Amino acid sequence: MYINNYMYEDNEIAAVERAMIAIRRRQRRRVLAKSQGATGPEFEVLDVIEGASEPVGVSTVAEALSVDQPRASRLVAAAVAAGLVRREADQADGRKAWLVLTEAGAAAMEQAHRTRQAAFAAAMAGWSASERAEFARLLTRFVEAGPSGVSEESDPR
């Protein structure tokens, strides 16, 4: 096993790192999205729109996905072309357009939730209800706490 000067002595921290790397690699391969029939990266636009608490524009998509504005515009255009998203004019500023899920986009998200939740349920099939609750609590706490300062650009892998 390769050991470098950056290795933590805390085995649990190292285990979390390995798990997070495995998750990231699966996300890059888009394993769950492909199993849902969503093979294009424009599917990520749907997640951004659904998860937003405010109206979403292209710049929101760019920021949420950590891509530049032209790339976000292409992803949004692909989602619009696929019939998953539509643009609606901002009533206060006609120059702006908000992104809204179409019926097909909402149906795709419902299917995505069912597929993801089924995959998570299968992964935790042998867990007790209290283990699932504790995992959900701790994972939520971990995600809310960060590490927002870690970016893929700073990750040597």
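Is R137 buried, exposed or partly exposed?

Hi all! Before we look at any side chains, please remember that this is a predicted model. The protein chain has a mean pLDDT of 82, and 79% of its residues reach 70 or more. One stretch needs care: across residues 149-157 the pLDDT is below 50. In the model, that stretch has eight contacts beyond near neighbours in sequence. Where pLDDT is low, the predicted coordinates should not be read in detail. So let's turn to other parts of the chain.

Now, back to our opening question. R137 has 41% relative accessibility, so R137 counts as partly exposed. What does its side chain meet? R137 and E134 form a salt bridge, at 2.8 Å from N to O. E134 is partly exposed too, with a relative accessible area of 36%.

Please find E88 in the structure. Its partner is R86, and the closest N and O atoms of this salt bridge are 2.8 Å apart. E88 has a relative accessible area of 33%, which makes E88 partly exposed. R86 is also partly exposed, at 38%.

Next come D93 and R95, whose side chains meet in a salt bridge with an N to O distance of 3.0 Å. D93 is buried, with a relative accessible area of 17%, whereas R95 counts as exposed, at 77% relative accessibility.

Let's finish with a pair of helices. Two packed helices are described by the angle between their axes and the distance between the axes. Our pair is helix α3, residues 43-51, and helix α4, residues 58-65. They pack at an angle of about 105°, and their axes are 10 Å apart. With that angle, α3 is roughly perpendicular to α4.

Which residues meet there? From α3 we have E44, V45 and V48, and from α4 we have T60, V61, A64 and L65. Sorted by class, this contact has five nonpolar residues, one polar and one charged.

Conventions: Residues numbered from 1 in each chain as written. Predicted model: local features only at pLDDT ≥ 70, side-chain atom pairs only at ≥ 80, totals over all residues. Heavy atoms only, no water. pLDDT = per-residue confidence, 0-100. Contact = heavy atoms within 4.5 Å. Salt bridge = Lys/Arg side-chain N within 4 Å of Asp/Glu carboxyl O. Buried < 20%, exposed > 50% of the residue type's maximum accessible area, 1.4 Å probe, protein only. Axes fitted to C-alpha atoms, helices over the stretch in contact; angles between N-to-C directions. Helix = DSSP H or I, 4+ residues; strand = E, 2+ residues; numbered from the N terminus. Parallel < 35°, antiparallel > 145°, perpendicular 65-115°, else oblique. Nonpolar A, V, L, I, M, F, W, Y, C, P; charged D, E, K, R; others polar.
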